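Please view the sequence and the model together, and then read the points below.

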Amino acid sequence: MEIVNEILDREQKKAEKYKPIIVDKHLEVEFDIGTLLAYDSNDLDTKLLNSNTDEYLQSLARDNTQLLLNKVWELPTERIEEAIVVRLPPPTTVLPRAKPVPKPRPLTKWEEFAKAKGINKKKKDKLQWDEQLQKWVPLFGFKKAAAEKEKNWLIEVPQNVDPMTDMYEKKASEKSEKVAKNELQRLKNIARARKVKIPRVGLPVTSDKASANQLATAATVAKASTASLGKFQDKLPKEKEARGKGVHELIPGKERKRKAPIPTPQAEKEHNLNVLDNILNKRPKIDMDKAVARHINTEQIQ
Amino acid sequence: MKVLSEERTRILFEKLTKYIGVNVKLLIDRPDGTYCFREKKDRVYYISEKLLHLAQTVKPDNLIAAGTCFGKFTKTNKFRLHITALTYIAPYAPFKIWVKPSAEQQFLYGHHIIKSGLGRITENTPKHQGVVVQTMSDIPIGFGVAARTTAECRSADPLATIVFHQADIGEYIRSEDTLT
């Protein structure tokens, strides 16, 4: 009997040393085992909380931790190198991110245009069948270059081109120009994204012929490129100032010009009448067509 | 509503003088109040000072039109008269053309006037003169450009074009969405 009592005593002492693993709660505690999170929605006991805060909170924390660990122990355990481990399930609680969401990359000019027009990028095959070479040629890379070389062992000089031109050199320069243009556009896109003001580049350098518009712009810019911004430059009889998109910015002195103030009604009327007088006075005194018509008319009446 | 630039004022008046000659002065210098030309989205409006002041209270982005649209500047900076200007052009036009009732419909559908549709024409109309087209009962129905002088009209064959069509009141229905 003594032995039994002794064992019971020992067990009791042991039990007193450790707190019970079963915890009673009014409301169920919510768990997210993935993040080892327990959320206790029970009310706090205000009387206990006020009398001895620390002790109460400690016991509360212990109870909840016990519940959490109970849950963890319910999971299947493994033994890895003498340690008992548990594989936690994926967390269900969504945690807010510490840093703000990164801003999307600003669109390039082409991407903006394509978006507005609803143009979608089409996926191209990496290999393409070449009829001439009778083999698959990649879209780019050294094999493509080799294929091109094989294909263009001879390039015809077209009729309208000087027969002594080196077509290979021409092709190479065209290619390098394209690359340079692409690079320029890339830099422009970066500048636009960072809102950097790009210095104006002036008139486009054309290798071949300039269009009428470009020539007109060049003439206008040249004329305005004096110390007095072309104010005292002579004018040709039918000369017109270049107009159009982007032209205004090229002409010196134009961008600095302030908007003219709105004239008073009286001044505007006067100005308009002046302009009108100029137009009416410009017409020839003798209208030849009219004179001839009148002459024919009088002859017919007679 | 912008004030027209120097160049555009000149282009506008040059076009108007083609139709009403010296009478453009009467449009600018009116005894019943000050009227002016204003520009909005390349369209030119003829508007009284009083109405303009009222229109200026509207946010420019929200304002579509104010006053009477006289026409618009094309992308090549030429001025094109719209039919809405007819109210102001018709009373002042020195050169007119009257069309026969049978040819009215043809004109109102946007065709040129041919000799057979010609009812009457002002004496001494020069070539390429802007003319107002009227019905025989003196109702203005549009305007055009004389393709032949009055003298030439007499000897022209019945199918020859007399007036090139510019605008007609049929446009109020045909181009309802673009007229302002």
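In helix α1 (residues 2-17) of chain A, Arg10(A) and Glu6(A) lie 4 residues apart, about one turn of the helix. Helices here are DSSP runs of H or I with at least four residues, strands are runs of E with at least two, and both are numbered from the N terminus. The side chains of Arg10(A) and Glu6(A) form a salt bridge, with 3.8 Å from N to O; the term denotes a side-chain nitrogen of Lys or Arg within 4 Å of a carboxyl oxygen of Asp or Glu.

The model is predicted: local features need pLDDT of at least 70, and side-chain atom pairs count only at pLDDT 80 or more, while totals for chains, interfaces and linings use all residues. Residues are numbered from 1 along each chain as its sequence is written, chains are lettered from A and ligands numbered from 1 in the order in which they are written, and side-chain values use heavy atoms, without hydrogens and water.

**Chain A as a whole**
- Chain A contains 9 helices and 6 strands.
- The radius of gyration of chain A is 45 Å, whereas a compact globule of 302 residues would have a value near 19 Å; the radius is taken over C-alpha atoms, and the globule rule is 2.2 Å times the number of residues to the power 0.38.
- The C-alpha trace of chain A spans about 160 × 75 × 50 Å along its principal axes.

**The interface of chain A and chain B**
- Chain A contributes 22 residues to the contact and chain B contributes 29 residues, where contact means heavy atoms within 4.5 Å.
- About 2400 Å² is buried between the two chains, 60% of it from carbon and sulfur atoms; this is the accessible area (1.4 Å probe) that two parts lose on being put together, summed over both.
- Between chain A and chain B there are 3 salt bridges, and the count over all chains is 18.
- Asp277(A) and Lys25(B) are joined by a salt bridge, with their closest N and O atoms 3.0 Å apart.
- On the side of chain A that touches chain B, α8 (265-282) and α9 (288-301) of chain A each supply at least two residues.
- The most is given by α8(A), with 12 residues.

**An annotated span in chain B**
- UniProt, in an unreviewed entry, lists residues 95-174 of chain B as "domain: PUA".
- Residues 95-174 of chain B are 22% helix and 39% strand, and the end C-alpha atoms of this span lie 26 Å apart.

Methods
UniProt positions are given in the numbering used here, feature names are shortened, and annotations may be inferred rather than shown by experiment.
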